[in-house]
Amino acid sequence: MPKLYKLQILSYSMKAAELFDGLSLGRVHSHKNLAFRRLYGPNRFQHPVLTLDEALGTGKFRVTDSGDAPTVIAQSDLEQDVFIGVGMIFVGDSQNRAAIHPLIVPAHSQEVSIPVNCVQHSRYTRRGSAYSQSSSISMASIRSGIVAQEHTWSTIADAASSLGLETDDHAQFAEEADLGDYLAAFGPPKPKQIGFITAVRQNGNCSFYSDMVGNEELYGKLHNRLAASVALVAKQKNPGAIEIRKDQFIGFLREVLEAKLIRQDLDGSSLADIYILQHPEIAGSALLYKGIPVQVSLRKDKVPSGQH
């Protein structure tokens, strides 16, 4: 039987501020309705891992449809552990899915069940069918924290309509939505960069999204996909200019730092702990390996653009 990952809240909690020790913010960059500040920091996460796409490419890491929509099953014959970032999309012969939580699948794992949301509404699940690719990450507005399946589907449908896309397959959005100018604004990852905080104007409102990864090398592998996940949100909104002051980013970060993270219990073989941010307005997920951040993902949707 697969080892099922089921979330149960434990009594253990921590301050989110502990995850941001030693980090610094770059200057504000703006493009149309998007602004961002780069996050710089030390390489705290030293454990070697393959990313999901790297693992799938070896032929020794398999992901199959469990026959149950909220889960897929991973099996590994690899010597290395495999990192699956929050929102990483599994593409294959069944309905495409996205990882709800960041996690690390241990080497030589057998039948580990991974919680997912469906990101392709019109396609059915097929038990046992294989997922062979992962080249994109779901939109920033449908990852971080716990996201309901209904919200995922409605957000994808709205995005497809706003972007003029004919597909409901979220895995194809980044390729078909012409994000070139937004991605050019993000540029390549900088030395010592391990993440960013972004602000997106949405018809008079402003949303904040942030991702931080535990080391520069791992962040570099995810940079383009993380940038595209925010660009997809920005592209479908009002493309007018945005003005976000430095202190507004600080205000968002200050709210995060004062919040608590609650550890979740996963029934199964896991090398790292998942935490969910407890805040009335900000959703967040964190993956910690022996207390060291591997990935922290945050979102605060639709607040008046004059506030912070």
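Author: Contact means that heavy atoms lie within 4.5 Å. The model is predicted: local features need pLDDT of at least 70 and side-chain atom pairs count only at pLDDT 80 or more, while totals for chains, interfaces and linings use all residues. Residues are numbered from 1 along each chain as its sequence is written, and side-chain values use heavy atoms, with hydrogens and water left out.

Reader: Which residues are in contact with D169, leaving aside its neighbours within four places in sequence?

Author: With those neighbours set aside, D169 touches N96, V119 and Q120. Its place is the loop between α2 (149–163) and α3 (173–176). Helices (H or I, at least four residues) and strands (E, at least two) are DSSP runs, numbered from the N terminus.

Reader: Why does D169 count as buried?

Author: A residue is buried under 20% relative accessible area, exposed over 50%, and partly exposed in between (1.4 Å probe, protein chains only). D169 has 6% relative accessibility, which is under 20%, and therefore counts as buried.

Reader: What joins the side chains of D169 and N96?

Author: A polar contact is a pair of N or O atoms within 3.5 Å; within protein, one must be able to donate a hydrogen and the other to accept it, and residues adjacent in sequence count only if both atoms are side-chain atoms. The side chains of D169 and N96 are joined by such a contact, at 3.0 Å.

Reader: What is the mean pLDDT of the protein chain?

Author: The predictor's confidence in each residue, from 0 to 100, is called pLDDT. Its mean over the protein chain is 86, and 89% of the residues reach 70 or more.

Reader: Where does α5 bend, and what is found at its start?

Author: The bend at a residue is the angle between axes fitted to the seven residues ending there and the seven starting there. In α5 this angle is about 50° at L222. At the start of the helix, a side-chain oxygen of N215 comes to within 3.1 Å of the backbone nitrogen of E217.

Reader: What makes α5 a mostly covered helix, and which residues of α6 are buried?

Author: In α5, 14 of the 20 residues are buried. In α6 the buried residues are Q248, F249, G251, F252, L253 and V256.

Reader: Which residues does V213 contact, leaving aside neighbours within four places in sequence?

Author: V213 is in contact with I194, L218, Y219, L222, L226, V294 and Q295. V213 lies in strand β14 (residues 205–213) and is called buried because its relative accessible area is 1%. Between V213 and V294 there are 5.5 Å from C-alpha to C-alpha, with 81 residues of separation in sequence.

Reader: Why is F20 called buried?

Author: At 11% relative accessibility, F20 falls under 20% and so counts as buried. F20 belongs to the loop between β1 and β2 (24–31). Beyond four places in sequence, its contacts are M212, L253, V256, L257, V296 and L298.

Reader: Why are D178 and K192 called exposed?

Author: D178 has a relative accessible area of 55%, and is therefore exposed; K192, at 59%, is exposed too. D178 sits in the loop between α3 and α4 (180–186), and K192 in the loop between α4 and β13 (193–202). Phi is positive in each, near 55° for D178 and near 70° for K192.

Reader: How many disulfides does the structure hold?

Author: A disulfide is a pair of cysteine sulfur atoms within 2.5 Å, and the structure holds zero of them. C118 counts as buried because its relative accessibility is 2%, and C206 is buried, with 1%.
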